[in-house]
Amino acid sequence: MTSSHPPASDRGLHLDVRVLGELLGAVLRAYAGNELYETVERVREAGKALRDPSGGDDDPQLARLCEVVASLPVATASEVARAFSLFLTLANIAEERHKVRVRRLAQAAPRDPAAVARSDSCSDVFASMRAVGISPERLHAAVAAQEVEFVLTAHPTQTVRRTLLHKYHRIAEVIREAERDDLVPDEREELRNELLRQISTIWNTDELHRTRPTPLDEVRGGMAVLEGSLWLALPRFLRRLDAALLEHTGRGLPEGAQSIRFGSWMGGDRDGNPNVTADVTRDAVRLARWTAADLAQREVDALCQELSMDLASEELCARASVRREPYRALLRGVRERLRTTLRAIEAELDGLPAPAGPIYQTRAELLEPLQLTHRSLCETGQRVVADGRLLDLLRRVHCFGLHMVRLDVRQESSQHSAALDAITQQLALGSYLAWDEAARIAFLTTELASNRPLVPKQLSASDDVHEVLALFRTLATLPGESLGAYVISMAKRASDVLAVELLQREADVSPPLRVVPLFETIADLRASHQTVAALLDLPWYRARIGGRLEVMIGYSDSAKDGGRLSAAWELYTAQERLVVLCRERGVHLTLFHGRGGTIGRGGGPTHIAIRSQPAGSVDGNLRVTEQGEMIQWKFGTPEIAERSFELYATATLEATLLPPAAPSAPFRARMEQLAERSMQAYRAVVKDPGFVPYFRAATPEIELGSLQIGSRPARRGQQGGLESLRAIPWIFAWTQTRLHLPAWLGVEVALGEAIEAGGLAELRAMAAQWPFFGSTLSLIELVLAKANGRIAARYDELLTPPELLPIGVDLRQRLDRACSVLLRVLDQRELLERVPELQKSLQLRRAYLDPINIIQVELLKRQRVADDPLTQDALLITVNGIAAGLKNTG
């Protein structure tokens with residue numbers, strides 16, 4: 001299996017892909033036989049003939065591919081899909097490595113001082129800011145104070161097993177090693193053999209999850225990324241940030257700057273997931289603390305070996321009580337205390353008595369001897385040593401502490417209301433659920449101002465209520481540094497926030513977690529500023545937050561509720577209103593962005609998304625979720641993670657210091673019309689009585705429920721309507737069929753009608769002059785480039801009942817119209833013509849991706865006729881392959 005020839009500028013990438021393809025072919029012949037290899041090649045050649053996705057449904061080339069696939073036995077179809085899936089995965093690895101290679105070559109090239117900077121590197125962005133008049137003092141203050149926090153979340157459509165991820169990472173390492181110029185032929189041959197070994201083990205490893213992962217399995221997966229990549233990448237990035245800041249402001253980065261931070265929902269997100277219990281949350285914290293202590297003790301052990309000098313300050317010598325090798329003497333004590341800490345955490349996890357000896361409880365306790373060591377080295381003229389491994393560890397401890405990540409808790413608002421209802425009814429105070437908002441606020445504020453206990457010792461309530469209360473009792477026992485925010489999903493009113501505050505106080509959670517309302521639906525986003533204003537009107541609440549407020553906005557459910565274009569505008573205007581409100585009230589606002597990986601869930605290129613936020617919404621702070629496969633794409637290797645840190649940091653800085661201008665009144669009015677008309681068109685389609693039956697027939701939504709890929713159920717409840725389906729599997733299913741409906745539906749009507757009414761010139765001006773609108777269209781363009789109506793039609797042909805076929809025809813016509821009107825607004829002939837590298841990448845993938853889709857739909861047809869475990873496995877393999885080809889799932 002090899003690829004077509006790309007431009008000369010991509011020779012390195014082409015060589016990597018060609019070699020990987022040749023090795024995969026060798027593996028196929030060795031383990032599956034020449035017959036399968038020839039079948040794979042036959043299907044691939046048929047797939048190459050389908051390069052143009054705009055061909056008609058009666059394309060003879062498509063018919064030929066379908067005929068070949070229909071003739072394959074299930075076992076053969078499964079192996080063909082595996083081969084294509086693995087090739088796409090290998091191509092992804094090569095592309096990611098190529099990005100690093102190109103970036104390093106650019107960094108090594110001589111810099112032209114007269115050139116206009118636009119590389120998004122720290123140094124170039126700082127230079128561009130100085131060039132437009134940002135003073136060194138202002139630039140330094142902004143960088144030193146800036147905080148970007150990545151909140152890692154478990155993802156119910158993360159399809160790749162961790163076992164395979166480790167092997168993929170090894171392949172990336174071998175490709176990197178092969179880039180050396182000084183390799184001798186024997187070494188180069190050994191690297192090729194290592195690639196062959198890795199591909200062989202991957203081919204002979206079961207790629208499917210055979211059991212559904214538990215929440216703690218997901219925690220361990222998150223810890224693996226933190227340990228294997230983020231722990232390594234953080235100090236490297238901070239070194240470069242420090243050097244750039246020193247170059248452009250004359251001062252470096254303060255040691256304790258919290259430029260990058262990490263949070264997690266793994267083990268804390270119980271919204272609709274009964275598998276996440278209070279016990280799970282407690283053990284998630286313990287696993288994270290163990291990881292942090294283990295990594296820290298390894299670094300301290302290395303420092304014990306490194307710092308063999310006798311030259312030290314009087315302060316350090318007195319502390320170490322020796323003159324010979326005092327640094328080692330001091331750090332041996334730190335190392336032993338860390339080892340005792342590890343044993344204590346292990347005992348907690350195993351339910352055993354704690355070991356004797358002091359342990360570290362807080363970050364400050366660990367920082368103190370390390371800072372003493374650094375101070376001594378600097379005072380004795382050894383700064384070059386102090387600013388090496390030791391400074392890296394100090395920065396890591398400031399970031400990761402002894403908690404590794406701060407664990408957020410997330411729960412749906414109705415769960416807290418039900419708990420309070422059980423309490424008020426048992427106390428004969430009435431039904432909390434029956435009270436209006438004014439009555440709830442009165443009750444909650446009265447109780448918050450009171451010191452009396454509220455929860456009866458013998459509460460008669462449901463298991464769900466007892467679990468809610470058990471969570472708060474557990475939070476009270478956990479280290480405060482290990483905990484982040486308490487996020488309330490489906491927050492609708494001020495009482496939702498106060499309810500959590502009261503339950504925290506009742507359990508004596510100290511310090512209490514900051515309580516963050518999550519506004520998700522269109523209606524809740526529109527009312528979000530009113531909800532927050534009602535909270536800020538309460539003296540108790542104002543005193544509680546201390547002038548700092550965090551609000552989370554949800555991209556997934558808002559897009560599922562009203563369509564991507566409408567949701568984007570509602571999110572934008574909700575942020576505007578919240579920013580104005582908090583500025584008027586003298587409150588610092590941090591917006592927490594619940595973004596997914598796909599365009600339909602708010603995903604897309606990072607720098608574009610951040611720079612297009614409304615002015616004032618990114619005020620030196622950014623908090624954002626990173627989910628599932630996006631964690632691997634953005635943070636899977638140290639070099640990629642380092643680049644992701646840089647992109648987020650520079651984009652956040654630009655949005656803070658050089659925010660975009662507010663849209664003009666005409667632009668705003670036009671956008672209001674587009675959003676409203678888009679939402680109307682979107683809802684008219686998804687509310688049609690035949691739509692849900694069509695969705696379930698024409699997509700693998702039902703079959704996706706059997707994937708053992710996440711601990712959380714696909715639905716919030718047992719009811720079967722579209723409203724109960726989570727946004728992630730909703731988008732996952734449409735992604736698999738290549739229709740990508742949630743990311744564009746409604747756009748074809750809104751833009752089309754605006755153009756017909758003579759608004760084309762204004763739309764083009766909006767795209768060129770308004771970052772929000774331009775970036776929104778760019779993201780829609782990207783997903784439309786991945787869509788393929790011809791492939792989606794094949795799902796209809798084999799799976800959809802005749803009475804529902806007109807719905808599919810209508811949707812594909814809408815897709816064609818969306819592409820047409822978008823191209824008119826962008827003044828382009830082809831999608832992605834302004835980003836030819838990406839356009840070329842997608843074109844090359846289609847030869848492998850389209851056949852997987854054709855195999856999938858054939859398997860779906862067979863599986864729905866007769867349930868068969870072998871067909872089910874083959875079907876799940878195609879799911880992995882399509883996800884690899886598109887580089888996302890849900």
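Colleague: Which residue in S7 does Ile-553 stand opposite?

Modeller: His-593. Bear in mind that this is a predicted model. Ile-553 itself belongs to strand S6, residues 548–554.

Colleague: How do S6 and S7 run, and how many bridges join them?

Modeller: Start with the direction, then count the bridges. S6 and strand S7 (residues 588–594) run parallel. Seven bridges join them.

Colleague: Which strand is paired with S6 over two bridges?

Modeller: That is strand S5, residues 514–519. The sense is again parallel. Here Phe-519 stands opposite Ile-553. So Ile-553 has Phe-519 opposite on one pairing and His-593 opposite on another, given that two strands count as paired once there are at least two bridges between them.

Colleague: How many residues of S6 are buried?

Modeller: Six of its seven, which leaves the strand mostly covered.

Colleague: Now a helix. Which residues of H5 are buried?

Modeller: Read a helix residue by residue, then look at its partners. H5 spans residues 122–131. Its buried residues are Cys-122, Ser-123, Asp-124, Val-125, Phe-126 and Met-129. They pack against three helices: H6 (136–145), H9 (215–249) and H26 (638–657).

Colleague: What follows H5?

Modeller: Gly-133, with a positive phi near 105°.

Colleague: Take a single residue. Is Thr-424 buried or exposed?

Modeller: Compare its relative accessible area with the cut-off. Thr-424 is buried because its value is 0%, and buried means under 20%. Thr-424 sits in helix H15, residues 413–426.

Colleague: Which residues is Thr-424 in contact with, leaving aside neighbours within four places in sequence?

Modeller: Leu-429, Gly-430, Ser-431, Tyr-432, Trp-435 and Phe-443.

Colleague: On to cavities. How many are there of 30 Å³ or more?

Modeller: The count is 11.

Colleague: How many residues line the second largest cavity, and which lie nearest its centre?

Modeller: Its lining has 17 residues. Nearest the centre are Tyr-555, Arg-564, Ser-612, Gln-613 and Phe-772.

Colleague: Which helix gives the largest share of that lining?

Modeller: H23, with five residues. Helices H23 (564–585), H24 (606–611) and H34 (771–786) each supply at least two.

Colleague: How do the lining residues of the second largest cavity divide into nonpolar, polar and charged?

Modeller: Sort them by residue type. Nine are nonpolar, six polar and two charged.

Terms used. Residues numbered from 1 in each chain as written. Predicted model: local features only at pLDDT ≥ 70, side-chain atom pairs only at ≥ 80, totals over all residues. Heavy atoms only, no water. Buried < 20%, exposed > 50% of the residue type's maximum accessible area, 1.4 Å probe, protein only. Helix = DSSP H or I, 4+ residues; strand = E, 2+ residues; numbered from the N terminus. Contact = heavy atoms within 4.5 Å. 1 Å grid on protein atoms, 1.4 Å probe; cavity = no way out; pocket = protein on both sides within 12 Å on 5 of 7 lines; lining within 4 Å. Points joined across faces, edges and corners; volume = space filled by probe spheres on them. Nonpolar A, V, L, I, M, F, W, Y, C, P; charged D, E, K, R; others polar.
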